[in-house]
Amino acid sequence: MLSIGELAEQTGLSPATLRMWETRHGFPEAKRQESGHRRYEHRTVDRVRAVLARQSVGVRLDAAIAELGAIAPATPSVHAELRRTHPDLVPLVLRKSSLIAVSHAIEDECTAQADRAVLFGAFQREQHLRGSMRRWEDLATTARAAFVFTVGDQPHLVGSSLVHVPLAESAPMRREWSIVCDNTNQPA
């Protein structure tokens with residue numbers, strides 16, 4: 001367990017800021033000792049860093065904290081949500097080599113846009129993410145923000161701007177390969 005001072009040191013926030021967040025937003029959640037001193041689980045460092053990463057791309061503090069809380073429940077399937085909201089879309093079955101080429105084209109085009117896109121990638125297996133990590137680290141340097149979803153238990157920053165978002169083994173998104181580019185010129 002970490003003290004508030006240790007949490008502050010590891011996240012770059014002051015103890016006063018952490019206390020204010022807890023008072024106003026209930027985050028980060030502390031366990032109190034009999035003396036009243038706050039103690040935090042080690043994973044709280046990564047959770048605070050994930051909130052700070054979201055803030056760095058313009059998300060309000062309350063929204064960033066709410067998003068972090070939304071990571072824990074089962075993550076819906078991207079495919080299922082697209083089918084629900086756009087029933088007229090026609091699914092295509094492509095070879096893996098074609099999917100890789102299309103994925104790279106979307107990533108490259110989105111990060112080349114002047115308005116700096118936000119990129120989201122979902123990986124079915126940790127080894128697929130590891131094989132793409134160098135590329136995603138490069139994409140993150142030109143994107144406004146980049147998030148990768150795959151197996152894991154805690155959100156964390158990879159480098160300075162790539163956020164790893166963990167998915168439970170049972171999450172529907174774990175069965176999908178997806179790339180989403182959010183920008184004003186060419187969302188894909």
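The legends below describe close-up views of one predicted model. Residues are numbered from 1 along each chain as its sequence is written, and side-chain values use heavy atoms, without hydrogens or water. Local features need pLDDT of at least 70, side-chain atom pairs count only at pLDDT 80 or more, and totals for chains, interfaces and linings use all residues.

**View 1. Confidence along the chain.** The chain averages a pLDDT (the predictor's confidence in each residue, from 0 to 100) of 82. A score of at least 70 is reached by 90% of the residues. Among the elements (DSSP runs numbered from the N terminus: helices, H or I, at least four residues; strands, E, at least two), α1 has the highest mean, 93. Strand β5, residues 156-158, has the lowest, 66. Over residues 70-75 the pLDDT is below 50. Beyond near neighbours in sequence, that stretch has six contacts (heavy atoms within 4.5 Å) in the model.

**View 2. The largest nonpolar core.** A nonpolar core is a set of buried Ala, Val, Leu, Ile, Met, Phe, Trp, Tyr and Cys residues joined through side-chain atoms within 4.5 Å. Buried means under 20% relative accessible area, with a 1.4 Å probe and protein chains only. The largest core has 31 residues. Leu18, Trp21, Phe27, Tyr40, Val51, Phe147 and Phe149 touch the most other members. Elements giving two or more residues include α1 (4-11), α2 (15-25) and β4 (145-151). The largest share, five residues, comes from α3.

**View 3. Around Phe123.** Phe123 sits in the loop between β3 and α7 (126-142). Phe123 is buried, because its relative accessible area is 9%.

**View 4. The largest pocket.** Here a pocket is an open set of points on a 1 Å grid over the protein atoms alone, where a 1.4 Å probe fits, with protein on both sides within 12 Å along at least five of seven lines; lining residues have an atom within 4 Å of a point. The volume is about 850 Å³, counted as the space filled by probe spheres set on the points, which are joined across faces, edges and corners. Of the 21 lining residues, His79, Leu82, Leu92, Leu99 and Trp177 lie nearest the centre. Elements α5 (78-85), α6 (96-112) and β7 (178-182) each give two or more residues to the lining.

Key:
Buried < 20%, exposed > 50% of the residue type's maximum accessible area, 1.4 Å probe, protein only.
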